[in-house]
Every structure is written in C-alpha cells, then in structure tokens.
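Here is a friendly briefing for anyone meeting this structure for the first time. Have a look at the sequence and the 3D view, then read on.

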Amino acid sequence: MHAGLGDIAFFSLAITQGLLVAYATRLAEGCPEWQALLLILGVALALRAALLFVPPHLSTDIYRYVWDGRVQGAGINPYRYLPAAPEFAPLRDAAIYPFINRKDYAPTIYPPTAQMLFFLVTRLSDSLVAMKLAMIASELVTVAVVLGFLRRLGRPATRVVAYAWHPLAVWEIAGSGHIDAAMTAGMMLGLWVALALRRPLLAACILAAATLLKPFAALALPAAWR
C-alpha cells in the first residue's frame, strides 16, 4: 500500500516534532526550572488542545471505547454481542457506530478495568471529546509521577519535556484517544507506590488494575515483588 500525501505530511511532522523534543530536552536543562516547567506544561496543554476536536487519524479504536460505554449504559454486557447484532439497533447513530472497527465480526477486546472507564466517561458525555479528555487527564498522573521520580533521582525536572512534548504521546492520546494513556498512568502510579512509598501490596493492586486496562502494564509488576 502506497502512503498518501496526508500520511507523508503526518510522518514528516511527527519526525520533525521528535527532533525538536530531543533538542528541547537538552536545552531545558540550562533554563530556570520553574519558568521552564510552566512553558513546558503550557505548550503540552496547547498541543493537546489543538487535537481535541480533530477526528482520530491513527486508528478508530476510540469509537469502540465510546460504543462499549454506551452499551453498558443500556444495561448490556459489551462482551455478549457484536456491534452489528440486531439487539443493538436502537443504540446505533451516525456519529459513532459507522466508524467502529471490525463491528460485524469481532466482539470487544478491552478488559474489565477499561470497560469500567468507558462506562464512567460515557455517563458524563457520550462523545469522542469526552473520551479524549479522560485520556489527557490520565496523562496528568503520568507527568506528576515522572516529575516525582526526577526529583528523587536528583535530575532536572525539566526533563519531563521528553514525555510532555513527545509526538507519540501527543498524537496517540490527544489525537486518537488511545487507552494507553490510562494504562500508562496506572503503571506509573503503581511504580511510584512500590518504589517511593514502599507499599508493595497496594502497588500490586494498582498494577493489576492497570493490566486490566491493557496487558502491557504487567511488565511493571516485578517492581512490587518483595
């Protein structure tokens, strides 16, 4: 499959942004810390706000998130039927349903903690914007933990720019609203509880919950091992 002009432009922009982030990470270490942090976090918010109302570019997974939350709100187990099943006919609309991937042959693949999150978000608003905002809010936890670890390690807090401005975080989370944001937040919080607070049992519970958002979080479970 040949890449279109839009894809070429996107990848060019992402690569350029990545190079700028690498330069900014080095540059920020020589700046006054609090002023630099305000700039870093302000630009990070601006980057995410710019993509908040833009349709997802990298995947259509977020439509399934909203759909699963809607199904649960109707009192139906999201694992029970395919989205194309006749039982779901009253829930279909023009904004979400047509864009659900694999809707006629694959049930939802998202684990229980993810389903709880989808349900809670869609109780506030059954929309892509609400789901994106929930994922961006998860990033606040990740940024806070990264700052905490940088402090404990005696490293410049401004190194948080490596995450805050990273194109992968910006485009995957603010742009496409991926559940990885919530999983990463849970994983980082679990690591903080395990390594900084020295509470391995609580950390294991947090990491287990994060694993039920997305299984990759299981890689952090050894940190809670005594």
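## A first look

Alanine 157 is buried, with a relative accessible area of 1%; buried means under 20% relative accessible area, exposed over 50%, and partly exposed in between, using a 1.4 Å probe and protein chains only. This is a predicted model, where local features need pLDDT of at least 70 and side-chain atom pairs count only at pLDDT 80 or more, while totals for chains, interfaces and linings use all residues. Residues are numbered from 1 along each chain as its sequence is written, and side-chain values use heavy atoms, with hydrogens and water left out.

**Loops and backbone**

- Alanine 157 sits in the loop between α5 (128-152) and α6 (161-164); helices here are DSSP runs (H or I, at least four residues), numbered from the N terminus.
- The C-alpha atoms of alanine 157 and alanine 36 are separated by 9.2 Å, and the two residues are 121 residues apart along the chain.
- Arginine 102 has a positive phi of about 55 degrees although it is not a glycine.
- The loop between α3 (61-73) and α4 (112-124) is the place of arginine 102, which is partly exposed at 39% relative accessibility.
- Arginine 198 is not a glycine either, and its phi is positive, at about 55 degrees.
- You will find arginine 198 in the loop between α8 and α9 (200-211), where it counts as exposed at 63% relative accessibility.

**Salt bridges**

- Side chains of opposite charge can pair when their charged atoms come close.
- A salt bridge here is a side-chain nitrogen of Lys or Arg within 4 Å of a carboxyl oxygen of Asp or Glu, and by this rule the count comes to five.
- One of them joins glutamate 33 and arginine 151, whose closest N and O atoms are 2.7 Å apart.
- That pair links distant parts of the chain, with glutamate 33 in helix α2 (residues 33-51) and arginine 151 in helix α5, 118 residues apart.
- Glutamate 33 is partly exposed, with a relative accessible area of 27%, and arginine 151 is partly exposed at 45%.
- Another salt bridge pairs arginine 48 with glutamate 139, the closest N and O atoms being 2.7 Å apart.
- Here too distant parts of the chain are linked: arginine 48 belongs to helix α2 and glutamate 139 to helix α5, 91 residues apart.
- Arginine 48 and glutamate 139 are both buried.
- Arginine 70 and aspartate 126 also meet through their side chains in a salt bridge (2.9 Å, N to O).
- Arginine 70 lies in helix α3 and aspartate 126 in the loop between α4 and α5, so this pair ties together parts that are 56 residues apart in sequence.
- Arginine 70 is buried, with a relative accessible area of 10%, whereas aspartate 126 is partly exposed at 33%.
- Salt bridges link Arg70, Asp93 and Asp126 in a network.

- Helix α7 (residues 167-175) is mostly covered, with seven of its nine residues buried.
- Those buried residues are Pro167, Ala169, Val170, Trp171, Ile173, Ala174 and Gly175.
- After α7 comes glycine 177, whose phi is positive, near 65 degrees.
- On a 1 Å grid over the protein atoms alone, a cavity is a set of points where a 1.4 Å probe fits but cannot get out, and a pocket is an open set with protein on both sides within 12 Å along at least five of seven lines; lining residues have an atom within 4 Å of a point.
- The volume of the largest pocket is about 210 Å³, volume being the space filled by probe spheres set on grid points joined across faces, edges and corners.
- Which helix gives the most to the lining of the largest pocket? Helix α7 does, with four residues.
- Among the residues lining this pocket are Tyr163, His166, Glu172, His178 and Asp180.

**The cavity**

- A search of the whole structure finds one cavity of 30 Å³ or more.
- The largest cavity has a volume of about 60 Å³.
- Its lining is made of Arg64, Asn101, Arg102, Ala106, Pro107, Ile109 and Tyr110.

How values were computed
Helix = DSSP H or I, 4+ residues; strand = E, 2+ residues; numbered from the N terminus.
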